Amino acid sequence: MLNLNDILNISTALLIAWSCSLLGVFLVLRKMVMVGDAISHSVLPGVVMAFLVGSYSSSSFILIGAAVFGVLTTIIIDFLYRKLKLQEDASIGLTFTWLFALGVILITVFADGNSHIDKDCVLFGELGLTFLDKIIIGGRLWGTKSMMLLLPLLLIVVVFVFKGFKGFQIHAFQAEYAQTKGISTGFWHYALMTLVSLVTVLSFESVGAILVVGFLVVPPATAYLLTKNLRNMLLLSLVISTFDVLVGYFTALHFDLAISPTIITVSGLVIFLTIVVQITNSRFKTVV
Amino acid sequence: MLSSTLILVLIGLAVISAVAGVVGCYAFLRKRALVGDAVAHSVLPGVAVGFILSGTKDPFYLLLGGLVFGYLAILSIDVIHRKTKLSEDSAIGLVTTIYFAFGSVFLSVISNSGNGDQAGLKDFLFGKAATMTEMDVIVFLIAAILVVISVGVFYKPFLLLSFNKDFANTQGWKVNFYETLLSLMTVLIIAIGLQAVGVVLMSALLIAPAASSRYWTNSLRKMMAISAVFGAMAGIGGGLLSLLGEDMPTGPWVIMILFLFTLITLLFAPEKGYFFIRRRNSNNLRKINEENVMKALHQLNEIGIKEVTLSSFLDKRKMDTDQLQKTFNNVSDKDWVTKTNDVYALTERGAIEAKRIVRLHRLWELYLTQRLNFKEDHIHGTAETIEHLITDELEAQLVKELDYPTEDPHNKEIPYN
Amino acid sequence: MNSIEVHNLTVAYNQLPVLWDVDFELPKGQIIGIVGPNGSGKSTLLKAIMGLFPLSSGYVKVLDSSLEQMRSSIAYVPQRETVDWNFPASVKDVVEMGRYQPGKLFRKLSNVDKQLAVEAIEKVKLTPFMDRQIGQLSGGQQQRVFIARALAQGAEVYLMDEPFIGVDVATEKAIMDLLQAMRDEGKTIILVHHDLQSVTANFDYLVMLNTRLVTHGPIQEVLTAENLQSTYGGQLNLFSQLQQLIQTKDFPIREKGFEDK
């Protein structure tokens, strides 16, 4: 039987998965998945500082500060690549390994005597623990603290992606053409990068740095293989991520496995099957 | 105090970091730096499966599992990229995260069954250099020897493959074979290094030393040597730094030192470093300023003004006053002008130099109109730049090609000495 | 009135000067070819006109005004290989992009906009393929999608980068007919073209480029053996040596702050 904690866990996972699967669509289309990966690692120093300054979930200002590290990452990568002429893959790799290492050192240096930091939790996340911070007002349960941040973020993502669809679309399809029409490519680029940074920061506690990339890339990549229409890709990505979360969660529950890795493993199986079927049978190139 | 355990750890770190630096050169040159990162993550399920299947913590089985999955990761990236419409970037992202998640699931299975320890995942990410054994160091040394031998024996095909794969193919090299060899070498180094230094450091070790060394040399041999030295120094330095505190992870400190090397490189490297570029730009600017002033002095001479002060010069030419003062100082240091009571006049050597600039300017204007069909009213701007660039050798060519001209397109005399 | 006016335009790419003091005025209502060998700066010229490259010197005017004022009157048709044709978009989706405007991206397209896109698709004869994913079109059809997108914008001046590349002879003729129909409606078409074979019959005006401007003018006047020799006869030795010098020494291509009074 489902208990209350399961419902809270699943809701948290879905809020993360939905934000990620929408934003990830544009990372996949712009071939910037690895930049997303870099961002998710590089926000670590920011997250650690957020922990140090105050309690993690309540200090939303600090979280925004942490997200600045994410945007900074894209700026550093761009600087190394364009100004110092370092090749792109190395620029990405250098930037995130350094910032991630910095974060780890910060944790180790300041972890002693600071109750706010749980080292392993920051690094790997533990979805099963997010229900601990319940918000109860007037005797009624309203959710958890992390949901209170993830929900508004999802709303912002939804508004940006669906209301600002044309901007993300034209920028992802052909940024140079958009520029000749006087459209600010910088705005759409940094809008995407900021949202990706925010979602990785907020997901840290629940799924950790490495697995959040899974939510960003796997469902959108699966949807990309199956559709020929951008709106359908966004919707399909949502559907697939929902499926992954539900199946993954209950599998993990049943076999007593770590939750978020199981969810990503399930999504891995889904894309694996999609690829196998497509390679072996050309009739299934696209379905919608 | 340096205990013998510590010395062992430092040697181990130095060796594995140096080898990773060498192997990383190929990954870097083949623009596959991030594939190394993917492989490092993908070794996790291999280690877990090796443990489950063998039922022991025998490093041999763990290593074998790691090798298999690491190589599988490379194959997966390749298949996804070639057989579907997904880009290589997506393929790397997919493989990194799915393999890692898969490995984490296995780890949770192991820890639930009471066999393994909870800290497994953390050690995997950051390594536990402090627990390095003699056996580990011996394995590192053997791997190092293997890498040095194969890099020596296959130097040429590896070189061709890294710089121009298509060319290697047309030259009849078995490109697939050597690519597989390189991949296996990379996977091997990652797999044996992981337990000591962890995933994050392994990725950094494959990228940072190679990327830095590329800035110091154009030769692959030297690049590998420099990269190995960078790696080894960072390994030892990071190992020592991590002694600063208890429970300090080694990997992140090694990365900090690697990053320091990269920073120094980006700032100070010849040709492409920040300071080199800045100095070159300011040299260029100084040359332009000096030559412009000399040219102006010559032109003033032509209309009978033999002596100028700063302010009388500024009446004739627009230029920043400080810049002009500096430039006058420079040219009088070169003995091109004399300075008496704030009055400047061309010396004999200066007059020759000034003539040279004017001559180059007018020659180039002539070249533009005669050879490149420029209109007379459009040539001055370009000639203003080019006059500073034409070397003696180019000047000789120019004069010859224009058949020793005496007048520029504006019918002004081209002054020869 | 000129369609495009370029004055003293110098552009460097990676410090290498690829366009050098280019200077011309182009008429309106004609099909104008920009020709020159590979690496002669043709595509760079179009991009510089569209404001995609920083200019080392000079300025550009579109219909006697600045580019910013005339953005909606000038349409850019990029090379076909600049996009990933696997992108999940239909012919209609791409052509509708021609109606996108900065500042209005958060609003829905109006019915008028959509209608204009449909008409543009009709003009390039792609109506039966309207809902097809763009990757499932032939090379010529993909080129026509880009042209339709420019048409949907309703511009006066069209800048096209190699519209005939990778296109079969029949499609080449179809596109040419379309361009001629556009010209007859008073539009100006400026296109980059690498091949001289099919040029003479169809273009009205020619810009011959080889890093520097060789010449420009009505086609019957400028298409001479001598001009062809200067355009395609290879770069002049001295000139290219200097170009290299500028790149290796990272020399400022235009100096600033020192002028005659």
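**View 1. Confidence across chain C, from β10(C) to helix α3.** Among the elements of chain C, β10(C) has the lowest mean pLDDT, at 62, while helix α3 (residues 91-96) of chain C has the highest, at 96. Keep in mind that this is a predicted model. Chain C as a whole averages a pLDDT of 89, and 95% of its residues score at least 70. Where pLDDT is low, the predicted coordinates should not be read in detail. For the model overall, the scores are ipTM 0.91 and pTM 0.90.

**View 2. Where chain C meets chain B.** Here 31 residues of chain C are in contact with 38 residues of chain B. Together the two chains bury about 3200 Å², with 59% of that on carbon and sulfur atoms. There are four residue pairs in polar contact between chain C and chain B, counting pairs with both residues at pLDDT 80 or more. On the chain C side, the elements giving two or more residues are β1 (4-13), β2 (16-26), β9 (212-218), α10 (237-248) and β10 (259-260). Helix α10(C) makes the largest share of this side, with eight residues.

**View 3. The salt bridge between chain C and chain B.** Zoom in on the interface of chain C and chain B and you'll find one salt bridge. The partners are B:R280 and C:D250, whose closest N and O atoms sit 3.5 Å apart.

**View 4. The contact between chain B and chain A.** This one takes 50 residues from chain B and 54 residues from chain A. About 4500 Å² is buried between the two chains, and carbon and sulfur atoms give 78% of it. Don't go looking for salt bridges between chain B and chain A, as the count is zero. Polar contacts are there, though, with eleven residue pairs across the interface of chain B and chain A (both at pLDDT 80 or more).

**View 5. The helices of chain B that touch chain A.** At least two residues each come from α2 (33-54), α3 (59-83), α4 (88-112), α5 (120-126), α9 (175-214) and α11 (250-268) of chain B. The largest share of this side belongs to α4(B), with 15 residues. By residue class, the side of chain B that touches chain A splits into 31 nonpolar, eleven polar and eight charged.

**View 6. The two domains of chain B.** The domain assignment of chain B gives domain 1 (4-270) and domain 2 (273-417). Taken over C-alpha atoms, the centres of the two domains are 56 Å apart. Six residues of domain 1 are in contact with four residues of domain 2, and the area buried between these domains is about 390 Å², of which carbon and sulfur atoms give 66%. Zero salt bridges link domain 1 of chain B to domain 2 of chain B, but four residue pairs are in polar contact (both at pLDDT 80 or more). The side of domain 1 that touches domain 2 has five nonpolar residues, one polar and no charged.

Definitions and conventions. Residues are numbered from 1 along each chain as its sequence is written. Chains are lettered from A and ligands numbered from 1 in the order in which they are written. This is a predicted model: local features need pLDDT of at least 70, side-chain atom pairs count only at pLDDT 80 or more; totals for chains, interfaces and linings use all residues. Side-chain values use heavy atoms; hydrogens and water are left out. Contact means heavy atoms within 4.5 Å. Buried area is the accessible area (1.4 Å probe) that two parts lose on being put together, summed over both. A salt bridge is a side-chain nitrogen of Lys or Arg within 4 Å of a carboxyl oxygen of Asp or Glu. A polar contact is a pair of N or O atoms within 3.5 Å; within protein, one must be able to donate a hydrogen and the other to accept it, and residues adjacent in sequence count only if both atoms are side-chain atoms. Helices (H or I, at least four residues) and strands (E, at least two) are DSSP runs, numbered from the N terminus. Ala, Val, Leu, Ile, Met, Phe, Trp, Tyr, Cys and Pro count as nonpolar, Asp, Glu, Lys and Arg as charged, and the others, Gly among them, as polar. Domain bounds come from an automatic or database domain assignment. pLDDT is the predictor's confidence in each residue, from 0 to 100.
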